[in-house]
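Here are my notes on the model you passed along.

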Amino acid sequence: MNLKAITSLRSSIRRRWIWIFNPRYIIEQLRKREGSCKDCGAICCKRTRPCPFLKNCKCTIYNKRIPFQCWVFPIDKKDIELAGVSDVCQFKFKM
Ligand code: SF4
Ligand code: SF4
């Protein structure tokens, strides 16, 4: 596992941790989130390890049983940075 993958894994663990200990933060952040997920080639899904549900740069389970940590990504700017997708992710957060 390379450094980018390890950092990206940290973003996933941090997201789960916050959901367990401070779910209100995630709910507030999702209200501040702007933008949509498209046309970046699902870089965040490839970063840690190739996800088995990713086919042709699309999540095949997005509308069925997408894991929680994927569904809420990104929760804040730090999440985007840790996932290593600051240059491509199209989500922004209102201050
Ligand atoms: S489950 Fe879907 S959204 Fe989550 S990493 Fe895999 S392809 Fe991406
Ligand atoms: S990096 Fe951002 S825009 Fe790209 S697939 Fe992930 S959430 Fe969507």
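**Notes on the model**

1. Let's start with the contacts. Of those in the chain between residues at least 6 apart in sequence, 70% join residues at least 24 apart. Two residues count as in contact if their C-beta atoms, placed from the backbone, lie within 7 Å.

2. A word on what you're looking at: this is a predicted model, where local features need pLDDT of at least 70, side-chain atom pairs count only at pLDDT 80 or more, and totals for chains, interfaces and linings use all residues. Residues are numbered from 1 along each chain as its sequence is written, while chains are lettered from A and ligands numbered from 1 in the order in which they are written.

3. On the overall fold, the chain has 5 helices and 4 strands, and from the N terminus the order is α-α-β-α-β-β-α-α-β. (Helices are DSSP runs of H or I with at least four residues, strands are runs of E with at least two, and both are numbered from the N terminus.) The radius of gyration is 13 Å, close to the 12 Å of the globule rule for 95 residues, so the chain is as compact as a globular protein of that length. That radius is taken over C-alpha atoms, and the rule is 2.2 Å times the number of residues to the power 0.38. The C-alpha trace spans about 35 × 25 × 25 Å along its principal axes.

4. Buried residues make up 17% of the 95 residues. Buried here means 20 or more other C-beta atoms within 10 Å of the residue's own, exposed means 12 or fewer, and partly exposed is in between, with C-beta atoms placed from the backbone.

5. Which residues form the largest nonpolar core? There are 8 of them: Cys44, Cys45, Phe73, Ile80, Leu82, Ala83, Val85 and Cys89. (A nonpolar core is a set of buried Ala, Val, Leu, Ile, Met, Phe, Trp, Tyr and Cys residues joined through C-beta atoms within 7 Å.) Two or more residues each come from α3 (43-47) and α5 (77-83), and α5 gives the most, with 3. Setting aside neighbours within four places in sequence, Cys89 is in contact with Cys40, Cys44, Pro74 and Ile80.

6. Now the ligands. Around ligand 1 sit Ala42, Cys45, Cys51, Phe53, Leu54, Cys59, Ile61, Tyr62, Ile66, Pro67 and Cys70; the residues around ligand 2 include Cys37, Cys40, Cys44, Phe73, Cys89 and Gln90. To be listed, a residue needs its C-beta atom, placed from the backbone, within 6 Å of the molecule. The ligand 1 shell has 11 nonpolar, no polar and no charged residues, and the ligand 2 shell has 10 nonpolar, 1 polar and no charged. (Ala, Val, Leu, Ile, Met, Phe, Trp, Tyr, Cys and Pro count as nonpolar, Asp, Glu, Lys and Arg as charged, and the others, Gly among them, as polar.)

7. Check the backbone in a few spots. Most residues other than glycine have a negative phi, and most peptide bonds are trans. Asn56, in the loop between β2 (54-55) and β3 (58-59), has a positive phi of about 50°, and Cys57 in that loop has phi near 60°. The Phe73 to Pro74 bond is cis, with omega near -5°; Pro74 is in the loop between α4 (68-71) and α5.

8. Last, Asp79. This residue of helix α5 is buried, with 24 other C-beta atoms within 10 Å. Asp79 and Arg15 are 64 residues apart in sequence but 7.7 Å apart in space, C-alpha to C-alpha.
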